Amino acid sequence: MLLFWLGVAILLLGYWTYGKFVEAVVAPDDRATPAEAMYDGVDFVPLPHWKNMLIQLLNIAGVGPVIGVILGIKFGVVAFLIIPIGNIIGGAVHDFVSGMFSLRNRGCNLPAQIRMTLGRVYYVFFAFFMSLLLLLVVTTFVNVPAQLIDKEFLPQVSFFWCAVGVIFLYYIFATLFPVDKIIGKIYPFFGAMLLLGTGMLCCSLVYNNLTTPEDFLTETEAFRAQIPNQGPIIPCLFVTIACGILSGFHATQSPIIARTMKTERQAYSSFYGMMVVEGLIAMIWAAGALAVYHHFPEYLTKGGTETLGKITQYFLGGWMGTATVLAVVVLAITSGDTALRSLRLSLSEIFHIDQRALGRRLIVSIPLVVIVTGLLWWSNKDAAAFGVLWNYFAWGNQVLAASTLMGCSVWLMANQRCFWITYVPGLFMTFVVLTFILWTAPDRGGPIGFGFGLETSYLIAGAISFVLGVLTLLRGRRMLKEGRTMMISLDCPNTQKTKDFVS
């Protein structure tokens, strides 16, 4: 269990060291926040700091830091180091800088950030890609909790479609209602459930390690040989484990609380801090999964939700295990509802539709509801259809991460700040995503890709990443040379036009 505790130490020390350096680069101050300057009673609403932190944690901590790491720990105990290191220098930086970008630009959503930094041509592709991905997120995060409810709580009867209907109806209400009326009211309760369940699992893991240390958190060649279609650590680990290391989905969620913060000085704990907490959650669930795989090797070939049930029953048992599974259900639901809300906010920015009136929110939301309904029907026709949906979501999520980090690098360069904090992880994630697309294929357990050999994929991905990295640097240098630290207006529907970008 040494690597586990070393990873935990890296997360905690990283928050107080590297995290503080990143905070100094971005330099939050006492300027007016969007919640104060643009209050509208719907999306721009000041909330208490503790609520913002819990909302951000539940927004970003979907099933990824649980189901994702249950699958990802099959790569071995090296994940106990990759998760915290990637979190501190990649994921937490990604969440914090993109969140500050939104705070400094009237709570703008991710497509608007990409338009200002990477240009209008890439923005058109990115806006479409992100919208499609969020639709997949909503569909996935209706399916997963409905499956957990059906299998873990009502195994004797088929309750799946009833659960789908109830969950999706909640998503619609959470999307339409003001942020403080539903999300602001129930998230503190949901957050307490998550933290309690994960904390109890951690205590059980520690106790079991003390009583049977020789039979805990180990891997062998036989262990590895039983895993089908595992793939290489680079790129597959970074696609399998997103939440906990680095997830582009988070940048779509941060603008929600960028519009509810009372001061920029809350951003460090809300963005960087909550990503570190997600990393801790991921470490605990990864440890639980590795122990279950050691004791019950047959679960190496089972799905993530089945292994989740075994972890909770084996380590917690009875009512506490059931309550923990319920907390994981909540994780999925609290990311699905805000994914739909984020999509509404992004599309309203793109098409300049004011969102203060309920009727205008319905104009944006009704087409989304129709599309998600169709995806739900398609993805549940058979297991293969849902697998296709999940596979494309996994690598598409990291396309968002790479794009966000490169856009943030341009933003920092244009303001003469240390852009390396986002540029290096952004370049790495660009390489990871390109390698995965070039290497993956259905016969390797992934989505449709080019199916090249691994070395060939590395070479091509490296060359393309180099070119994209140079283009990003040139874009940032040109903006700096032109003095464009104050850029074009977002033309947000709820705000007056201004030329302010950041200062």
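Which side chain meets that of Glu 349 in a salt bridge? The partner is Arg 259, and the N to O distance in this salt bridge is 3.2 Å. The model described here is a predicted one, and the protein in it has 20 helices and zero strands. Of its 503 residues, 62% count as buried.

**Overall make-up**

**Salt bridges**

- The count of salt bridges comes to eleven, and the pair of Glu 349 and Arg 259 links distant parts of the chain, 90 residues apart.
- Glu 349 belongs to helix 16, whereas Arg 259 sits in the loop between helix 13 (249-258) and helix 14 (267-295), and both residues are buried.
- Salt bridges that share partners join Asp 29, Arg 31, Arg 104 and Glu 264 into one network.
- Asp 43 forms a salt bridge with Arg 344, with 3.0 Å between the closest N and O atoms.
- Because Asp 43 lies in the loop between helix 3 (34-37) and helix 4 (49-60), while Arg 344 lies in helix 16 (residues 318-350), this pair ties together parts that are 301 residues apart in sequence.
- Asp 43 is buried, with a relative accessible area of 3%, and Arg 344 also counts as buried, at 0% relative accessibility.

**Helix 6**

- Helix 6 covers residues 79-104, which makes 26 residues, and from its first C-alpha to its last it reaches 35 Å, close to the 38 Å expected at 1.5 Å a residue.
- At Asn 87 helix 6 bends by about 55°.
- Helix 6 is mostly covered, since 23 of its 26 residues are buried.
- After helix 6 comes Arg 106, a residue with a positive phi, near 60°.

**A nonpolar surface patch**

- Ile 464, Phe 466, Val 467, Leu 468, Val 470, Leu 471 and Leu 474 form a nonpolar patch on the surface, and together they have about 610 Å² of accessible area.
- One of these residues, Leu 474, is found in helix 20 (residues 454-481), and Leu 474 is partly exposed, with a relative accessible area of 46%.

Conventions:
Residues are numbered from 1 along each chain as its sequence is written. This is a predicted model: local features need pLDDT of at least 70, side-chain atom pairs count only at pLDDT 80 or more; totals for chains, interfaces and linings use all residues. Side-chain values use heavy atoms; hydrogens and water are left out. Helices (H or I, at least four residues) and strands (E, at least two) are DSSP runs, numbered from the N terminus. The expected span of a helix is 1.5 Å times one less than its number of residues. The bend at a residue is the angle between axes fitted to the seven residues ending there and the seven starting there. Buried means under 20% relative accessible area, exposed over 50%, partly exposed in between (1.4 Å probe, protein chains only). Patches are made of residues with over 30% relative accessible area and no salt bridge: like charges are joined within 9 Å, nonpolar side chains (Val, Leu, Ile, Met, Phe, Trp, Tyr) within 5 Å. Accessible areas come from the Shrake-Rupley method with a 1.4 Å probe; for residues, only the protein chains shown count as cover. A salt bridge is a side-chain nitrogen of Lys or Arg within 4 Å of a carboxyl oxygen of Asp or Glu.
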